[in-house]
Amino acid sequence: MKVPYLDLTAQIRALRPELDAAIARSLDSGAFCLGPEVQQFEKEFAAFCGAAHCIGFNSGTSALHVAMRLLDLGSGDEVITTPYTFIATSWAIVYTGARPVFVDIEEQTMNLDPRRVEAAVTPRTKAILPVHLYGHSCDMDALLEIARRHQLPLVEDAAQAHGARYRGKIVGTFGGTSAFSFYPTKNLGACGEAGALVTNRADLAARARALREHGSSSRYHHDEIGYNYRMEAIQGAVLRVKLTRLAARNVARRRIAHRYHELLRNTPLILPREADYAESVYHLYTVRHPGRDRLKAHLEAHGIGSAIHYPLPLHLQKCFAALGYRPGDFPLAERAARECLSLPMYPELTDEQVAHVAAVIGEFKDW
Ligand SMILES: *Cc1c(COP(=O)(O)O)cnc(C)c1O
């Protein structure tokens, strides 16, 4: 039995007639950039998040960049964030000229550790940018309390956490703004690149809309330097179809996670565990062990795919050498990077496939 790490074609096959119709509708409308399909999607995704406003973007990175632009950051400003995430989290900060200030993660959730955030606040700190990593919410009350005490805006990177809950409430409206990615591998994925900015604040929503479209609030009048970050109509149409399946797909991911948990509990692996405040949407199911590389090879030899998220924390990336961080600065993030292994996790996985992955891990002796 083969178990690919990811299979994006299965969902497309299942939705093909609906996707064909949605794409045809968008072709026939003659509107290709933004337009009615994107507008409708924005309404529907805002409702899903329980937010007042959603603004569609051409990627999660651009949505996050605009979320940072809304803070009017500049050179010398600092934004506190996690070193253990996809690189795009930090792009949003450096694109504005500000500097990412990394702090280490929590052992259990691998999210930004609120206790360390407090200690990193300086007079130059202008914002906090946590990531709901792997679909598991950050400790929002603790982070918001620090933000309030220091009067700092908080932006959520929710690129991996569509529908994830913190104390029962869907993430994306805890901070002033949040950014989602609809990259095809995400829990809600477009057929191409797409993203969104979500907010409850009408003033921020209006400015984000303008920044997305060349900084213009009316055509050919440009109030500030903007971008071409518009979502394509076809992606809006595709996302509207896929959004109707998101809640059920998140339930299926949680079910698979619980099965993995049952089947792997007696192995030497450290398994992902939800904090008492969190309902994870398991964008990834990432286990940990120092023998990660050997286990990965063993799985591969048995036709099972796996992946490493992420092998090198951001503070040790070459592109950030000038920030002056050193190995050892963030031991928990560095250890997570050495030990993490993401197992196959997508709603189409069968019980047999999950059992097979667990059985092959059970046969592994070279811990
Ligand atoms: C995917 C991702 C992004 C960027 O989204 P794109 O749509 O690929 O630009 C940002 N942050 C995190 C944590 C992500 O996983």
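This is a predicted model: local features need pLDDT of at least 70, side-chain atom pairs count only at pLDDT 80 or more; totals for chains, interfaces and linings use all residues.

**Stop 1: a helix residue.** Select Ala14, which sits in helix H1 (residues 9-29). Is Ala14 buried or exposed? Its relative accessibility is 62%, so Ala14 counts as exposed, the cut-off being over 50%.

Stop 2: Show the strands E3, E2 and E4 as cartoon. They form an open sheet in the order E3-E2-E4, and the pairing is parallel. E3 and strand E4 (125-129) are the edge strands, each pairing on one side only. On average, neighbouring strands here are turned by 30° against each other, ignoring direction. Zoom in on strand E2 (residues 78-81), which pairs with E4 over four bridges in the parallel sense. To see a bridge pair, pick Thr81 and its partner in E4, Leu129.

**Stop 3: the core.** Which residues touch the most other members of the largest nonpolar core? Select Phe45, Tyr84 and Phe182: those are the ones, out of 66 residues. Elements giving two or more residues to this core include helix H2 (36-49), strand E3 (99-102) and helix H8 (233-264). Colour by domain too, since domain 1 (8-240) and domain 2 (246-362) each supply at least three residues to this core.

**Stop 4: around Phe182.** Leave aside its neighbours within four places in sequence, and the contacts of Phe182 include Phe41, Phe45, His162, Met231 and Leu239.

Conventions:
Residues are numbered from 1 along each chain as its sequence is written. Side-chain values use heavy atoms; hydrogens and water are left out. A nonpolar core is a set of buried Ala, Val, Leu, Ile, Met, Phe, Trp, Tyr and Cys residues joined through side-chain atoms within 4.5 Å. Buried means under 20% relative accessible area, exposed over 50%, partly exposed in between (1.4 Å probe, protein chains only). Domain bounds come from an automatic or database domain assignment. Contact means heavy atoms within 4.5 Å. Two strands pair if DSSP finds at least two bridges between them. Axes are lines fitted to C-alpha atoms, for helices over the stretch in contact, and angles run from 0 to 180 degrees between N-to-C directions.
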